[in-house]
Amino acid sequence: MPHPLHLAVALDTPQCSGRAAHDTVHDAAHVVALARLAERGGLTFVTLGDGFGRPGLDAPAVLARAAPATEHIGLIPTVTTTHTEPFHVSTTVATLDWVSRGRAGWAVEVSTTEADAALFGRRPAAPPAEVWAEAGEVADVAARLWDSWEDDAEIRDRATGRFIDRDKLHHVDFTGRTFSVRGPSIVPRPPQGRPVIAVDATDEPAREVAAAHADLALVRVEDPATAWTVREELRDRAATHGRDPGHLLVFASLPVELDDAADGAGLADLIADWRAAGAADGFHLRPADPGRDLALVVEATAPVLRARGLLRRPGHPGGTLREHLGLPRPASRYALARETA
Amino acid sequence: MTPTTPTTRTPRKQIRLAAHFPGVNNTTVWAVPGSGSQIDFASFEHLARTAERGLFDFFFLAEGLRVREHKGRIHDLDVVGRPESLTVLAALAAVTEHLGLAATVNTTFNEPYELARRLASLDHLSGGRAAWNVVTTSDAFTGENFRRGGYLDRAARYTRAAEFVSVARELWDSWPDGEAPRPVDHRGEHFTVRGEFTVPRSPQGHPVIIQAGDSFEGREFAAATADVVFTRHSGLDAGRAFYADVKRRLAAYGRQPDHLAIMPGVTFVLGDTAAEAQEHAAEIRRQQVSPQNALLAAEQIWGVDLSGYDPDGPLPDFDPDPGSELAQGRVRIADPKAVADKWRALSRAKGLSLRETVIETTGRQSFIGTPADVAAQLDAFVQTDAADGFILVPHVTPGGLDPFVDRVVPLLQERGVFRTEYTGTTLRAHLGLPPQPVRAAGKGPTA
């Protein structure tokens, strides 16, 4: 595993945590404070879940609020694809990348419940296979829309009076099973080219979408051997989609509940062991109580990993989330097509 | 002692001010020194901080859902591209404390549950500063980027908008402070929304609602449901007529005249002398109407390719094609023949070339003069009930508002018509709007 070990954390307040938690899920300042704490601890990114039936504020908005309050940490909100417009999903994530100066990701999720469907009244609930197939298409068209402006499309050429070079903006003309999008995007190409796409790949059919479209697969597993197996499988499947398996990072997603510094050090041992077994490129921690557990991860777990040379120092300068993850910045597919034409 | 006639004056009407981020049309001048990025967050931050330094009521973002096309190709002469508004405003909430944050969001290509949740989220995370400029479209061209395509006729888009706002208000009212959320069960012509809203009541109760547009349907919609009208700027008399007409409509909805602020979108040019300001204004118009933009403006009227024409030569001598599909993503010109006749008459009378004619007919900047002149003109509009305030549209990103804040705002304050500090925390408080009451369950608003 060539890259450094990455630590990431979910900032979600578990829904069973009682009245106090009930208040914090609607408190953006609480999430912003946690993101800052995670940044101070040298974590690579934070995730914030979302869904229409889930109590809490709109996740991309909360992480956009966190963007100017942080400098280095990646910001990955969940955005569901089942009842939303693919065009809006694409522009929202692209804009999060602009306001965070290249630190945005998108955790793709679907909605399968009748309760969610009733909030929209547009289409009935559908089985996972169907909505995940659509989610794959949304991820596909979002990436095409991000590519639809070449990086150097804005020219401001005074001699010809042209603000853009129109040959560097492209219709995407995507037709999927349930929607079509003409393009181009309204948002110029984001700083990362394409913000990082994450998928919880624990189960099918999400795993297939991860293999085809994700930069980052999160896998909820209980032992390093299973993690290793899933990672190998995902990398193989990415290759069958014509992708470089090195461009799909697999993170083990682990629930954590820490009572004291000794627990935090124990977590460091566990992570080091999993890492030694080649189980994962990084670790996505899901605290039972983010306020308490994240502080211990930062104060007790991260320093131990750093002392063993497994984790970078916090506060590394600037850089995009892709750069932190060691993922290349993709060229626009349309620029490549134009250059080879 | 002889009693004297008290000399106390009636308090003067207070001016509302908002700042519009320069948009994707040729009002925005991009080929001048000082013109910065239209997309970097730093530009949005600069303009929002300037507006807050000037104690403005709110910062306003327009919406884009499809890049404009002309002659079947992407239009390349003006600023193109912008970020998604609600996400930018959520980020701006981190770098401002008092400024209202207004997003333009279409009701045609959104769903009420999702948008009500996004707006309530912005209101929560900004501490009560969110506003929504409600707009509609029936444009099949824009629809090509969305699941449904262009599916609404012109009349239906307003009934959809009214029902959309009504459902959003029902959702915002469904989780009162300190209570459990009440399920919403809305079954209407355009929407069926059943279930619980997952966001508790936000600091403003309802985000401030802005309505843009001057049509009959727009005025009635505003009177029924809006807190602010974003209208086209016109002269004093036309402004007063519009103002009186919209305010008159409020009574039918049980609303007071000061519950709806009328704010025309205006531009301004300042100079140390009146002559300098006029000269600067003329230079901006020449920048706005480049030779290429002059031909394009003429093509929008004539509806045919005029690329063979010399911008410094005469206007076409034939009549426009009324059925042309040349320009896409723009407001359609109602009577192109009448415009062409007017242009040709002007060109003949003054001996103007095609480009000079376009420059001459291009909307002049709304307020031109010394800071004192401009402050006096703005004040006159407000004190004579042609407006309650203004949405200022600077010509240059991101520094175009700074001269206004530095030079005009202090003069408005001296006149006693503009605040010298923020006294409230929410946008509703800045605008002097009453607190938003919670409506009883199942009772929709009068939209």
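1. In this predicted model, residues 442-447 of chain B are a stretch over which pLDDT stays under 50. The model has 13 contacts beyond four places in sequence for these residues, and I would ask that those contacts be read together with the pLDDT of the stretch, which stays under 50.

2. As to confidence in general, chain B has a mean pLDDT of 91, and 96% of the residues of chain B reach 70 or more. For the model, the scores are an ipTM of 0.97 and a pTM of 0.95.

3. Turning to the contact between the chains, 52 residues of chain A are in contact with 53 residues of chain B. On the chain B side, at least two residues each are supplied by strand E4 (73-74), helix H2 (85-92), helix H3 (112-125), strand E8 (192-195) and helix H9 (291-302) of chain B. Of these elements, H3(B) gives the largest share of the side that touches chain A, namely 8 residues. By residue class, the side of chain B that touches chain A holds 28 nonpolar, 12 polar and 13 charged residues.

4. Within chain B, the domain assignment gives domain 1 as 16-271 + 366-430 and domain 2 as 290-361. The centres of domain 1 and domain 2 of chain B, taken over C-alpha atoms, are separated by 31 Å. The contact between them takes 9 residues from domain 1 of chain B and 10 residues from domain 2 of chain B. Strand E3 (69-70) and helix H4 (140-143) of chain B are the elements that give two or more residues to the side of domain 1 that touches domain 2, and the residues of that side of domain 1 divide into 2 nonpolar, 3 polar and 4 charged.

5. How are helix H4 and helix H6 of chain A oriented to each other? Helix H4 (residues 86-99) and helix H6 (residues 128-147) of chain A pack with their axes 9 Å apart and at an angle of about 55°, and H4(A) and H6(A) are therefore oblique to each other. The crossing in which H4(A) passes H6(A) is right-handed.

6. The contact of this helix pair is made, on H4(A), by A:Pro86, A:Val89, A:Ser90, A:Val93 and A:Ala94, and, on H6(A), by A:Val138, A:Val141, A:Ala142, A:Leu145 and A:Trp146. Sorted by class, the residues of the contact of H4(A) with H6(A) comprise 9 nonpolar, 1 polar and no charged.

Note on methods. Residues are numbered from 1 along each chain as its sequence is written. Chains are lettered from A and ligands numbered from 1 in the order in which they are written. This is a predicted model: local features need pLDDT of at least 70, side-chain atom pairs count only at pLDDT 80 or more; totals for chains, interfaces and linings use all residues. Two residues are in contact if their C-beta atoms, placed from the backbone, lie within 7 Å. Helices (H or I, at least four residues) and strands (E, at least two) are DSSP runs, numbered from the N terminus. Ala, Val, Leu, Ile, Met, Phe, Trp, Tyr, Cys and Pro count as nonpolar, Asp, Glu, Lys and Arg as charged, and the others, Gly among them, as polar. Domain bounds come from an automatic or database domain assignment. pLDDT is the predictor's confidence in each residue, from 0 to 100. Axes are lines fitted to C-alpha atoms, for helices over the stretch in contact, and angles run from 0 to 180 degrees between N-to-C directions. Angles under 35 degrees count as roughly parallel, over 145 as roughly antiparallel, 65 to 115 as roughly perpendicular and the rest as oblique. A crossing is left-handed if the near helix is turned anticlockwise from the far one by less than a right angle, and right-handed if clockwise.
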